[in-house]
Each structure stands twice: as C-alpha cells, then as structure tokens.
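Subject: Structure handover

Hello,

Here is the structure you are taking over. Please open it next to this email and look up each part as you read.

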Amino acid sequence: MASGAQDKQYTPSLLSFFIYNPTFGPREGEEEKKILFYHPSEIEKNEKIRNVGLCEAIVQFTRTFCPTKPAKSLHTQKNRQFFFEPEENFWIVMVVRNPMIEKPNKDGKPSTIEYQEEELLDTVYGAVVRQCYSMYKLFNGTFGRAMESGGVELLIQKLEKFFYRYLQTLHLQSCDLLDVFGGISFFPLDKMTYLKIQSFVNRVEESLSLIKYTAFLYNDQLIWSGLEQDDMRILYKYLTTSLFPRHSEPELAGRDSPLRPEVTGNLLHYGRFLTGPANLKDPEAKFRFPKIFVSAEDGYEELHLIVYKAMSAAACFMISANVELTREFCEQLDGLVGPQLTLLASDICEQFTINRRISGPEKEPQFKFIYFNHMNLAEKSTIHMRKTASVCLTSVHPDLMKILGDINCDFARVDEDEEIIVKAMTDYWVVGKKSDQRELYVILNQKNANLIEVNEEVKRLCATQFNNIFFLD
Amino acid sequence: MAEEHYLELSENPVQFEHASSVNNVFFDEANKQVFAVRSGGATGVVVKGPDDKSSVAFRMDDKGEVKCIKFSIGNKILAVQRTSKSVDFINFIPDYPHTEFTQECKTKNASVLGFCWTSWNEIVFITDQGIEFYQVFPDKRSLKLLKSQSINVNWYQYCPETAVILLSTTVQGNVLQPFAFRNGTMTKMTKFEIELPVVPKPAKLTLSERDIAMATIYGQLYVMYLKHHSRTANSPGAEVVLYHLPREGACKKSHVLKLNTTGKFALNIVDNLIVVHHQSSQTSLIFDIRLKEPDCAVNTHQPVLPARSIHPYRIPLSGPAAVPTQPPVPCQLYSSSWSVFQPDIIISASEGYLWYLQVRLPPTVHLLQDKGKLMDFLLRRRDCKMVILSVCSQILDGQEKGSLPVVATVFDKLNQVYKEYLEAEQSYTAAMESGPSRGGGAQKRPVRTQAVIDQSDMYTHVLSAFTERKDVSHKFIIAVLMEYIRSLNQNQITVQHYLYELVIKTLVQNNLFYMLHQFLQYHVLSDSKPLACLLLSLESTYPPAHQLSLDMLKRLSTANDEIVEVLLSKQQVLGALRFIRSVGGHDNVSARKFLDAARQTGDQMLFYTVFRSFQQRNQRLRGNPSFNPGEHCEEHVAHFKQLFGEQALMKPSTV
C-alpha cells in the first residue's frame with residue numbers, strides 16, 4: 001500500500017499532573033480547595049475539579065474490592081492515569097497520553113488515529129510518579145512538614161515552585177526499566193584506591209567537623225555514600241540527571257570558550273563548587289547551598305548540600321541546615337579539599353586506565369544487558385548511552401525495552417528464582433534471569449540461534465561479567 | 001610534671017675500692033673490667049667485671065708502679081706494663097707455669113705508650129714510633145712478633161668491638177691512621193685527616209686524645225671528634241663531627257652534631273644514640289644519626305630531645321659498712337671525678353663505682369611532640385615495643401589524641417618496619433626451601449626486633465580496647481580501623497581476620513550496615529570462610545548479609561559445600577541442586593542431605609523432583625537407579641513409595 005503521506009508516530013506525553021487531598025474540601029462547592037497543584041495550570045477550574053473528582057471516585061470505588069491496595073492505574077483508550085498516595089490522603093495523579101499513530105487518509109478525509117493502549121508499562125510510569133514525590137521530598141521534606149510549618153498556603157507554594165520546573169524535565173518517552181529500578185551505578189575500583197578515598201573522606205570529615213555526611217562519585221558513578229541507601233538513591237538520581245549534566249557542558253567546552261567558567265586563579269588544583277558560590281573570589285558571592293532532607297533516627301533532618309568537583313571526582317558534603325555557612329568555611333573547604341581531590345581524581349583515573357588495560361576493553365563480548373541488584377541497588381546497563389540532561393538514549397528498539405519491562409513484571413509476581421527466554425519478532429532473543437535479589441536482562445541478536453545456543457551464550461556472559469557473585473545458572 | 005629524665009645510671013653498678021694513694025684503679029675497655037691494684041699488686045689485685053664470672057682477685061709481686069694492666073680475652077693471660085720499654089705477662093691458664101715473663105718492645109729507643117689485647121693470645125704494643133703485633137705462647141712463656149709498622153705516634157685509641165686501633169700521627173696530631181686486627185693479621189686502613197678549627201703556628205700537637213672517641217653506631221664504625229667552639233669560626237657552639245670508617249675504602253666525614261653550647265663535653269653511645277654530656281650545665285643531649293632533619297643541611301643533626309640531666313641517682317649504702325637506718329646518699333652527677341668510656345660506661349674512680357648509662361624511653365614520648373619523628377626515634381630503640389604501643393593508644397584517645405593524618409603517619413611507619421621484617425622472613429624461607437646448596441647457606445634468619453609491631457600486637461594492646469571505648473565517636477573508631485587496614489594494604493601485608501571482625505563488630509554495634517555493605521562491595525574486607533560465616537550470622541539483623549556471604553563463598557571457590565549447606569538451610573533445594581551440578585559436584589554429594597531438605601519443605605512435587613534426579617544420577621553412575629545402602633536413603637525411598645506408589649520409582653533400565 002504505497003501511500004503518499006507517511007504514518008505519523010506520537011510518543012507518550014504528559015497530559016496532566018495533579019496533587020490533591022480529598023479531606024481539604026469535603027463539602028459541596030468547596031471542591032477547589034482539595035486541589036493543591038494542577039498542571040497544566042491554564043485548565044479551566046471546573047474541569048480540574050471534575051478530573052480530581054473522577055480520580056477520587058475511582059480510588060474510592062476500587063477500594064471496596066481491596067481496602068489495603070487501592071487502584072494504581074486506570075487504562076483508557078487515549079490515556080493512562082497513575083494514582084499514588086505518598087502520604088495519608090495526599091494523592092498524586094499523573095495522566096499520560098498513550099502513544100499513537102496518525103494515518104493519513106485518502107480523499108482529504110481527516111486522518112485516523114490509532115492509540116497504542118498496550119504500549120505503556122504500569123511499572124515504569126508508576127515508578128516515575130513515585131520518583132516525582134521522592135525528588136520533591138528530597139528538597140522540601142514531606143507534604144506534612146510544609147503543612148505543619150505554614151499550612152496549605154505554604155504547601156501549595158512549595159508544590160508550585162518545585163513541580164513547575166521539575167515537570168519540564170520529565171521525558172516520558174524515554175522512561176524504561178531503569179526507572180523501575182532507580183538503581184545506582186557504582187564505579188569499579190581496586191581496593192587500595194578505594195581505601196585512599198575512605199581515608200580522604202575520613203580526614204575531611206575530621207578536620208571540617210561540621211560535615212555530617214559525605215558521598216563520593218567519579219565519572220557520575222558512586223564510590224562512597226555516608227547517607228543511607230534510600231536517600232542516596234534519590235540524591236544520586238538528582239546528581240546524575242540534573243546537577244552534573246548542567247555543569248558538564250562548560251567543562252567540555254574549550255579552554256577559551258566563553259562557556260567555560262572563569263578559573264579562579266587557583267593553579268594548585270581544579271576543585272570548584274557545583275552548588276553554592278561559582279567563584280569564591282567574587283566579593284558578591286552568595287554562600288547559599290541547596291537544602292535537602294534525609295531520613296534520620298527521628299524522622300527527617302535538613303542539610304546543606306555542598307557539591308564540590310575536581311576533574312571527574314565529585315564529593316558531596318552535607319552539613320546540618322541549622323548552621324549558617326560562611327565565606328570562611330567555603331574557603332577553608334576549598335583549600336583543604338581542592339588539592340586532595342585533584343590528586344585523588346588523577347589517582348583514580350590512572351588506576352582505572354591500568355585496570356582497563358589489564359582486562360582489555362575489547363576482550364569482553366559486546367553483550368547488551370541490564371543488571372540490577374535489589375540488595376545494594378547496583379545497576380549496570382550496556383544498553384543505555386550516556387545520560388544527558390534531557391534524554392536517556394537507548395541503543396535498542398523500544399519494543400525490546402518493553403519486553404524487558406514485561407519480564408520484570410513477571411519476576412515481580414513471584415519470589416522464586418526464574419529464567420525467561422523470549423524470541424522477539426525481529427530475530428532478537430531476550431533473556432531474563434532472576435537469582436535471589438538480582439535480575440539480569442540480556443538482548444541477543446543471533447538470527448538463527450536456537451534456545452540451547454542462546455542459553456549457552458548467556459552462560460558465557462555470566463561467566464565473564466558476573467563471575468565474582470553468586471548467580472545461579 | 002611528667003618524668004623527663006630520659007637517661008639513667010644502671011641500677012646495679014659495679015663497685016670497687018675507690019682510688020687512693022695506695023690503691024690504683026685501671027679500666028680495661030675490652031673486657032670492661034676494673035682493676036684495683038693495691039701497693040703495686042703485693043697486697044692484692046681485685047678485678048671486677050660486668051658479671052661475677054669475670055671478677056677475679058689475686059696477688060702479684062710488686063715490681064714497680066703499674067702503668068697499665070689488662071687481661072687477654074677470656075682472662076687467659078694477664079699483661080702488666082710497669083716500664084716504658086717492656087710489658088710483663090702472667091699466665092692464668094690452669095696447669096701452665098705461673099711465673100712472669102717479659103717482652104721488650106722491638107724498636108730501639110721507643111717507649112711503649114700502651115698495649116691492647118685483640119684475642120686470647122694476640123697483643124699489640126703501641127709505641128711512640130709505631131706498633132708491634134705479637135702472638136703470645138703461654139706454654140713457652142714467649143712472644144712471637146707477627147707484624148710491625150713504624151710510624152710516629154702521639155697517642156692511640158682502641159675500639160675492642162671492631163679490633164681497630166687508631167693512631168694519632170704528625171706534629172699536629174690530626175692525621176689519624178687506623179689499623180684493623182683479625183685472626184693474626186694486621187691491616188692498615190686508609191688514613192684520614194681531622195679538620196682542625198684553627199691551625200696553630202708554629203705547628204704543635206693540637207688534637208687531643210680526649211676529643212676523639214671510637215664507637216660502632218648502627219653496626220658501623222665511627223670516629224667521633226669533639227670540635228670545640230672557636231671564636232674565629234662563626235659557629236654558635238661546639239660540634240661533634242663523625243667520620244665513618246668503613247672496613248674498606250676511605251674514611252669520610254659523615255655527620256655533624258650541633259651542640260649549640262660550649263664547655264666541657266663527654267661522649268657515650270647508648271642504643272645507637274650518641275649521648276653528649278655537658279658538664280657545666282649538668283645535662284646531656286642525645287643524637288640519632290638516622291633521624292633525618294628536614295630543616296637542616298644533609299647530615300647536620302640537632303639534638304633529638306631538649307637537654308636533660310641524668311636521672312637522679314642515690315648510692316645504696318650496702319655492704320659491711322651499711323647502717324640500715326641510714327638513707328641512701330644522693331650521688332653527685334656530672335662530677336669532675338667521672339671518667340667516661342665507650343660505649344656506655346661511666347666510672348667514678350673516687351667513689352668506686354662503674355655504671356652503665358641507659359636510655360629510658362617513656363619520658364621521650366612527652367618531650368617529642370612530632371609523633372612521626374617520635375616513631376622514627378622509637379622504632380630504632382632496643383626496648384621499644386611497649387612504649388610504641390602506648391604511644392599508639394595515646395594518639396587514639398585522651399588529651400594527646402592525634403588527628404587522622406598523624407594516626408596514619410604512625411601506622412605507616414610501624415607497618416613499614418613490619419613489612420621489611422615479613423619480606424626478610426619470606427626471602428629467608430624461600431632460600432631455605434630452595435636448599436642451602438644454592439648459596440643460601442650464608443643467609444641468616446632475620447632477627448625479629450622489638451620494633452616489629454604486628455597486627456596481633458596492635459589488636460591486643462591498642463585496637464581492641466580502643467574500639468570498646470564509649471567516649472570515642474564511632475566515626476573516629478571506624479576511621480582509625482580503616483586507616484590501619486589502608487596502611488597494611490599499602491604495604492602489601494595480608495590483613496588478619498580478627499581486624500575485619502573488629503570492623504564488622506563496630507559497624508554492627510552502631511547499626512552502620514550500609515557502610516559495611518559498601519566495604520564488602522569494594523572488597524576492603526577480604527574474602528574468607530570465617531568472614532562469610534560471620535556475615536551469615538548477621539542475616540537476621542541485616543538480610544542483605546545473606547547475599548554478601550554467598551557471593552564471598554562463591555569467590556573463594558573452595559566453599560562449594562558451604563554454599564550447598566546455606567541453600568539447603570534456606571530450603572532452596574532446587575537451587576542447591578542446580579548449583580552443585582554447575583560446579584560438577586553432583587556425582588559425589590550426599591543424596592540423603594538433599595532428600596532430607598526436600599522432605600522438610602513439605603512440598604511433595606519438590607521431593608519427587610529431587611528424588612527422581614538422584615535416581616537418574618544413580619542410573620548414570622552405576623547403571624541402577626536404586627540407592628546404595630551406604631547412602632542411608634531407605635527412609636526416603638519408603639516415603640516416596642508412600643506418596644507416589646511403588647510404580648513411580650524409576651526402574652532399572654533394561655537397555
């Protein structure tokens with residue numbers, strides 16, 4: 001069927017995103033009070049109320065079937081809605097338009113639209129909603145906290161301020177299995193260099209006793225976290241998808257490029273602040289740092305987040321928000337950390353190159369795989385290209401990514417170790433393995449391979465890449 | 001105030017009758033014996049040595065004033081010099097004739113300055129015109145000249161440890177000619193010149209015997225020259241200049257010790273330290289030539305510690321004259337009647353005491369603020385172990401708590417020494433294993449000095465108590481443990497399991513499981529079976545420990561049985577079966593163990609599967625699916641029959 005006009009593909013996109021609390025406007029005519037945040041804001045008030053009401057009704061209705069597990073999503077032809085109750089009575093709803101194909105018709109008739117209702121995965125977008133909340137909480141604390149300190153007005157203000165910016169950075173079309181995992185990529189390192197980093201962290205924390213926690217990253221990969229795992233998980237997400245990409249462009253720019261930040265005249269080291277003052281020498285410099293909330297023994301604690309980077313090594317220092325940070329402190333930190341971190345960064349780089357040379361970069365077969373360990377949140381993907389600020393590129397077709405997501409759903413359903421092998425439409429084989437808390441997904445492109453060969457191939461991969469962990473065959 | 005006297009006189013001095021008009025006292029540096037000669041020997045000679053064995057008393061005829069008296073090594077032959085021409089000998093070997101015999105010096109018109117024994121029967125005469133080396137034949141009561149050398153001699157010094165005699169020659173006396181003696185041979189070593197601060201005109205003897213001493217320091221022979229302050233040179237004080245005298249090759253000026261003061265000095269060597277006594281201030285300084293001075297020119301040294309006097313000493317009034325109620329009398333230190341001998345001897349002839357000078361290490365700890373330098377200093381001392389360990393404890397808690405970089409420096413210094421010892425031990429073992437024939441015979445087993453502070457020392461005396469302290473933050477405790485582990489790793493020393501246990505215990509007590517997890521992830525805590533078992537025991541409080549433990553067992557690759565046990569205990573029977581098959585151990589495992597576990601799960605299908613799997617194995621191995629009696633599976637066979645019926649059992653294949 002040769003047709004003049006091409007089919008037009010539309011990726012999933014964000015239709016609306018809102019947060020409400022049904023207890024805030026229980027009476028007729030006060031429904032608007034329930035709404036704490038609504039995107040897009042220009043929607044007419046009554047429609048907002050209607051949409052919120054609908055969600056409320058669905059959640060209420062489904063609760064009758066299972067009081068402990070209310071509805072998580074609603075599938076319709078055109079879109080899909082995700083419900084999430086992060087704190088009691090606070091609901092976050094995200095509405096995503098299904099991907100669609102627009103087929104032009106002959107004879108000038110309006111083109112037909114085909115919605116691909118089954119393309120979206122609940123697990124992926126459910127995870128995206130949860131991530132939205134976690135990110136809000138990282139920078140603002142819980143909804144309840146805002147309510148306590150400033151009532152609904154403050155909460156609305158905070159939500160507005162945070163989500164207005166944050167929603168623009170959501171790229172729903174490139175969400176996939178990695179969003180479900182929300183893992184952390186760890187930097188491979190030899191023991192000695194790791195101990196040097198330990199030593200560095202301990203010394204800095206000792207001499208700058210204000211520092212409560214430290215995290216250390218290299219090449220956007222984690223090496224050390226003084227924070228607990230769940231806090232590190234979301235901070236890592238923020239650092240790698242938002243903060244670092246924003247600062248990498250000037251670094252990549254040439255020496256004389258105007259993009260490059262003015263080197264502060266310090267030739268002894270390459271250290272600089274990624275949060276807080278851009279230039280310590282600037283008399284106008286402000287010593288304000290973003291504040292984050294992390295879990296503490298008694299609820300939450302608020303911290304200044306100082307991110308300091310020298311070459312590819314980044315150290316995050318967290319200091320109680322009760323302390324006011326001064327120019328003197330920042331200068332002291334710069335003077336102490338800058339030279340050491342510069343040295344350490346070049347040490348790590350050197351060690352890394354040596355290790356690479358030993359193991360031989362091209363020796364390992366080019367498997368496409370995703371690995372995730374629920375226990376330490378370690379993730380590794382050879383499918384994803386380097387993340388940038390805007391998009392996360394994958395090197396495989398979205399159909400295959402969807403198969404991975406489906407296998408993941410199957411794994412989530414049972415506790416047993418499993419292995420699933422799928423022959424995809426396009427000559428690809430997809431293998432999913434689950435052993436204890438670990439999951440491994442492999443994509444093989446072997447046209448005429450049979451099941452046994454595929455199995456052998458995966459065994460080979462496990463033997464080369466995962467020989468140092470207990471991974472059942 | 002803390003105790004600051006870092007030098008002391010030995011507790012039990014050698015006592016002898018003090019010098020008087022009728023009693024002459026002589027000291028022999030070679031045998032460290034004091035001779036008290038009464039009335040030229042007629043009324044008795046009492047010899048006191050460092051121990052009772054070397055103490056002797058005897059009589060000899062008074063044949064004139066005794067100028068010098070010494071036993072040969074082992075108290076075999078006594079030599080007495082009474083005139084400037086000859087030396088007399090008396091045998092002390094039982095059954096040998098006891099009558100004296102005499103040897104005159106060979107050189108005409110020469111006068112004997114003195115003599116030195118170099119072995120039990122070899123003696124060197126030093127005359128103003130040269131030296132004569134003799135062998136004594138006590139049975140024949142005669143001497144044979146082995147070798148002689150003529151040279152003008154002003155004075156001489158003898159170092160018994162190395163058997164080297166140093167002669168002062170030339171008019172000014174500052175050209176020194178050393179000779180070495182060994183097994184009947186005499187070797188002339190390279191002569192050298194001492195730089196004098198002022199060259200006198202006209203030339204006259206300027207270099208005094210008193211200003212030169214010889215001693216071995218760190219196994220090397222040095223000539224020490226006490227260079228007095230001169231007004232013309234712009235030096236602020238006197239110096240001690242050290243000349244290194246190697247067995248072969250030229251003597252070189254190697255170290256300069258700055259005394260920063262002037263006056264009368266005396267030198268001792270104690271535990272490889274150079275002690276300089278200053279009489280007018282009644283204090284002593286110590287120098288360590290191995291201690292590098294960062295702010296000085298290469299081999300110029302400042303005193304290690306501030307000047308302090310020797311620890312006050314009280315003379316115990318013992319012996320027949322002692323009255324019990326009388327308190328001990330304080331001894332006058334730095335008295336002008338003291339004579340100082342090498343290496344560590346101080347004699348008060350007028351009071352009749354011989355002391356050994358000793359270094360007390362504990363006071364040095366407070367006097368040396370720089371802990372790195374303190375460690376360098378302590379690690380070279382003989383009885384240093386407990387002091388070093390106490391310094392380690394000190395820098396970890398209390399008022400003198402050091403910062404992490406200081407702690408790290410101290411650890412690095414300890415482990416450097418520890419590593420050198422381990423390496424020496426290793427190469428010794430390797431040499432022994434390759435057989436003594438292959439030139440390994442010469443290799444000596446390395447000596448473990450007190451400075452070798454190993455992990456068990458640190459654990460027992462420092463770390464285990466430190467980690468128990470409640471007043472120290474756990475952050476600091478962990479940082480210190482990691483610093484110690486880092487230092488060991490940096491020196492390629494295998495870390496002992498008990499240190500890991502300490503780390504884990506501290507982390508677990510403080511609920512820092514995620515930290516522990518990260519350490520394991522980067523293999524900071526090296527894999528071992530005990531560690532894996534320890535992790536398994538943590539599973540109930542920290543579930544991920546299970547995975548960490550299994551991973552570790554897997555990496556060990558010698559712990560397959562343990563992995564099976566772990567999986568079976570978790571009722572992961574199929575997992576265990578799959579694992580044992582993947583490592584090729586399926587044929588040898590106990591079927592009963594698996595069947596027990598499968599039956600315990602209560603899952604009948606699982607039991608069926610496992611049972612059949614073992615029947616297949618039996619079939620493959622023995623051509624028959626039934627179990628051997630030795631496998632003790634009767635109970636399970638019965639259970640299987642009961643569940644699934646007789647006909648479900650695999651029949652022996654007829655093929």
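I start with the helices of chain B. The axes of helix H6 (residues 474-490) of chain B and H7(B) come within 10 Å of each other and cross at roughly 155 degrees. H6(B) is therefore roughly antiparallel to H7(B). The crossing of these two helices, H6(B) and H7(B), is left-handed. On the H6(B) side the contact involves B:Ile477, B:Ile478, B:Leu481, B:Tyr484, B:Ile485 and B:Leu488, and these meet B:Leu499, B:Tyr500, B:Leu502, B:Val503, B:Thr506 and B:Leu507 of H7(B). Please keep in mind throughout that this is a predicted model.

H7(B) and H9(B) cross in the right-handed sense.

Another partner is helix H5 (residues 455-468) of chain B, which packs with H7(B) at an angle of about 10 degrees, the axes being 11 Å apart. H5(B) is therefore roughly parallel to H7(B). H5(B) contributes B:Gln455, B:Ser456, B:Tyr459, B:Leu463, B:Ser464, B:Thr467 and B:Glu468 to this contact, while H7(B) contributes B:Tyr498, B:Leu499, B:Leu502, B:Lys505 and B:Thr506.

Chain B also has an open sheet of five strands, in the order E20-E21-E22-E23-E27, with mixed pairing. Which strands are at the edges? They are strand E20 (212-217) and strand E27 (300-301) of chain B, each of which pairs on one side only. Strand E23 (residues 252-258) of chain B runs parallel to E27(B), and two bridges join them. Within this pair, B:Leu257 has B:His301 of E27(B) as its bridge partner.

Now to chain A. Its domain assignment gives domain 1 (8-175), domain 2 (191-250 + 268-359) and domain 3 (367-466). The C-alpha centres of domain 2 and domain 3 of chain A are 33 Å apart.

Is strand E15 (residues 368-373) of chain A largely enclosed or largely open? Five of its six residues are buried, so E15(A) is largely enclosed by the rest of the structure. E15(A) pairs with strand E19 (residues 438-445) of chain A in the antiparallel sense, over six bridges. One of the residues involved is A:Phe369, whose bridge partner in E19(A) is A:Val442. E15(A) also runs antiparallel to strand E16 (residues 378-381) of chain A, and four bridges join these two strands. Here A:Asn373 has A:Ala378 of E16(A) as its bridge partner. The hairpin of E15(A) and E16(A) has four residues between the strands, and A:Leu377 takes a positive phi near 65 degrees there.

Leaving out residues up to four places away in sequence, A:Asn140 touches A:Arg145, A:Lys158, A:Phe162 and A:Phe293.

Regards

Key: Residues are numbered from 1 along each chain as its sequence is written. Chains are lettered from A and ligands numbered from 1 in the order in which they are written. This is a predicted model: local features need pLDDT of at least 70, side-chain atom pairs count only at pLDDT 80 or more; totals for chains, interfaces and linings use all residues. Side-chain values use heavy atoms; hydrogens and water are left out. Contact means heavy atoms within 4.5 Å. Two strands pair if DSSP finds at least two bridges between them. Domain bounds come from an automatic or database domain assignment. A crossing is left-handed if the near helix is turned anticlockwise from the far one by less than a right angle, and right-handed if clockwise. Axes are lines fitted to C-alpha atoms, for helices over the stretch in contact, and angles run from 0 to 180 degrees between N-to-C directions. Angles under 35 degrees count as roughly parallel, over 145 as roughly antiparallel, 65 to 115 as roughly perpendicular and the rest as oblique. Buried means under 20% relative accessible area, exposed over 50%, partly exposed in between (1.4 Å probe, protein chains only).
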